[in-house]
Amino acid sequence: MPWRVGNAGATRVGSCWLVGAAILWGAKAMISVSPAVGAQPRRESLPNIVYIMADELAYYELSHMGNAKLHTPNIDRFAAQGMRFTQALAAAPVCAPLRCALMTGKHLGHASVRANDGGTPLRAEEPTIASMLHSLGYATGGFGKWGAGGRGSTGVPEKHGFDVFFGYYDQVHAHSYYPPYLVRNSVEVPLAGNRGGRKGQTYSHYRIMDEALAFLRQHRDQPFFCYLPITPPHGMYDIPADDPAWELYRHDPWMQDEEVPAEAKNYAAMVSMVDRNVQEVLDVLRELGLEENTIVFFTGDNGGQDRFRSEAYPRGFFGPNVDPRSGRAFRGQKGTLYEGGLRIPFLVRWPGKIAAGRVSDLLCYQCDIFPTLAELVGGETPADVDGISILPELLGPAQVGREQPQHPHLYWEYRDATAVRIGNWKGICSGPGRPWELYDLAQDIEEVHDVASQHPELVRKMERIAVQEHLPARPGTYHNRQWQEKDRRAKWGETAVDR
Ligand SMILES: [Ca+2]
């Protein structure tokens, strides 16, 4: 059955599982902006959405990508049952800006959060994925690290469409797995036996996952959006010694090697803990009978960091940016606009709707998620969103009723650097007054052969795009800085004096 495309791009609904109720929902979205709550017919016919985003987990840190040290059997199976993207990119190379871009669909030339210091929140009036879904009657829950506005600011998640957000609002707070408290809808939730820092009695990530899984159960009878920007395997690299993930490494000689830093061993266990969490989500969906009405995303947030470097491992012990099969490496890492800062794992699973085992080379980035989900559910995409819907790529053009469009260009900026992508061409300018570099990623994925001098017109075009896409940032504001500062201090908490 073809998809019905509504007026002004505001409402696109259809397909077999949405017929009837979704058209009704679509019509409602066109004529009314009031939150759809209460007695709506067949709310369950709208698909549930789960978006799991592991902090820092890199493109080549999954076993199915050839990583021989890290074990991710559940994510490997997820990839085999769903669709894997080879050119899904972060909208920014660090946490806070990319979370803003993901939630608002705006690239870094338009995003309100462009710094990673926690000081620039979302503006009060900005629509987000959560507010769009909430207006259609979705239950909306976030669990993990928000990063787009601290407590006491205009950017808090409960003012941007989330019924509940539990975890960390500030990314410095999120460095500790044993903080004295987490935050739920801006209210502190004490964690027993924790003083901050690296040791304690309540491992924060367990609490966060518990609440996320409880949210799924609680909302089994209505459409839900479960956003899981979980903090592992981001450092500090702490995981309980009795976590079941350690079992996966019992027979790995490197795990017994005293030369390998304990932090690297913890990191591996954290990756496999994330792997287990992914399966826990799928298991609950299956138990609730929701697997076939739930689209599940699994992704990283920014490009990999070359952690645990040594003479033997110049690109890091786990080689997050090195293809284990070819040895080719992405240039740069987290924090840069080279591919090492932008490539992320991106998998989407939806039994019966997304063909199993497909691999897509579609060029896309996190700004595309908002319009994709809006198209999926018949929600409204704001006119100033920079992303494009990738729904035809996910479900197939026949199902959606149109071909997958391509980005005319993609745009990034971070600190002094700017980057533009046009098809396989990537231009990077590292700062004001610096020459543009140009790479043909189809031939040169490592970005080592600068061909700018051979393509001056293309470089000029990218320069024009960079000027056109950059608007001065308009961040939100804080009405109380003390709460956010308290949250940042809670990283070390009472242990700060011991350091
Ligand atoms: Ca990150």
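Visitor: Which residues does Ala264 touch, leaving out those up to four places away in sequence?
Guide: In this predicted model, Ala264 touches Phe308 and Phe317. Two residues count as touching when their C-beta atoms lie within 7 Å. Ala264 itself lies in helix H7.

Visitor: Is Ala264 called buried or exposed, and what makes it so?
Guide: The cut-off for buried is 20 or more other C-beta atoms within 10 Å. Ala264 has 20 such atoms, so it is buried.

Visitor: How far is the C-alpha atom of Ala264 from that of Gly137?
Guide: The two C-alpha atoms are separated by 43 Å. Along the chain, Ala264 and Gly137 are 127 residues apart.

Visitor: Turning to helix H2, which of its residues are buried?
Guide: Helix H2 covers residues 73–81, and Asn74, Ile75, Phe78 and Ala79 are buried in it.

Visitor: Which residues meet where H2 packs on H7?
Guide: From H2 come Pro73, Asn74, Ile75 and Phe78, and from H7 come Asp275, Arg276, Val278 and Gln279. By class, this contact has four nonpolar, two polar and two charged residues.

Visitor: What is the order of strands in the open sheet of ten?
Guide: The order is S9-S8-S7-S6-S10-S3-S11-S12-S4-S13, and the pairing is mixed.

Visitor: What makes S9 and strand S13 stand at the edges?
Guide: S9 and S13 (358–360) each have a single partner strand, so one side of each is left without a neighbour in the sheet. Across this sheet, neighbouring strands are turned by 15° against each other on average, direction ignored.

Visitor: How do you know whether S6 is enclosed or open?
Guide: Strand S6 covers residues 139–145, and seven of its seven residues are buried, so S6 is largely enclosed by the rest of the structure.

Visitor: How many bridges pair S6 with strand S10, and how many pair S6 with strand S7?
Guide: With S10 (residues 224–228) there are four bridges, in the parallel sense. With S7 (residues 164–168) there are five, again in the parallel sense. At least two bridges are needed for a pair, so both S10 and S7 count as partners of S6. Gly141 has Cys226 as its bridge partner in S10, while Phe143 has Phe166 in S7.

Visitor: What makes S7 and strand S8 a pair?
Guide: Two bridges join S7 to S8 (residues 181–184), and the strands run antiparallel. The cut-off is at least two bridges, so S7 and S8 meet it. Phe166 stands opposite Arg184 in S8.

Visitor: What do S8 and S9 form together?
Guide: They form a hairpin with two residues between them. One of the turn residues, Asn185, has a positive phi of about 45°. S8 and S9 (residues 187–190) pair in the antiparallel sense over four bridges, and Leu182 has Val189 as its bridge partner in S9.

Visitor: In what sense do strand S3 and S11 pair, and over how many bridges?
Guide: S3 (residues 48–54) and S11 pair in the parallel sense over seven bridges. Ile52 stands opposite Phe298 in S11. On this sheet packs helix H5 (residues 204–218), which touches S6, S7, S8 and S10. The direction of H5 makes about 170° with that of S6.

Visitor: What is the order in the open sheet of four strands?
Guide: The order is S15-S16-S17-S18, with antiparallel pairing. Strand S15 (410–414) and strand S18 (436–440) each have a single partner strand, so they stand at the edges, with one side of each left without a neighbour in the sheet. The twist averages 15° from one strand to the next.

Visitor: How many bridges join strand S16 to strand S17?
Guide: Five bridges join S16 (residues 417–422) to S17 (residues 425–429), and the two run antiparallel. In S17, Gly427 is the bridge partner of Val420.

Technical notes: Residues are numbered from 1 along each chain as its sequence is written. This is a predicted model: local features need pLDDT of at least 70, side-chain atom pairs count only at pLDDT 80 or more; totals for chains, interfaces and linings use all residues. Axes are lines fitted to C-alpha atoms, for helices over the stretch in contact, and angles run from 0 to 180 degrees between N-to-C directions. A residue is buried if 20 or more other C-beta atoms lie within 10 Å of its own, exposed if 12 or fewer, and partly exposed in between; C-beta atoms are placed from the backbone. Ala, Val, Leu, Ile, Met, Phe, Trp, Tyr, Cys and Pro count as nonpolar, Asp, Glu, Lys and Arg as charged, and the others, Gly among them, as polar.
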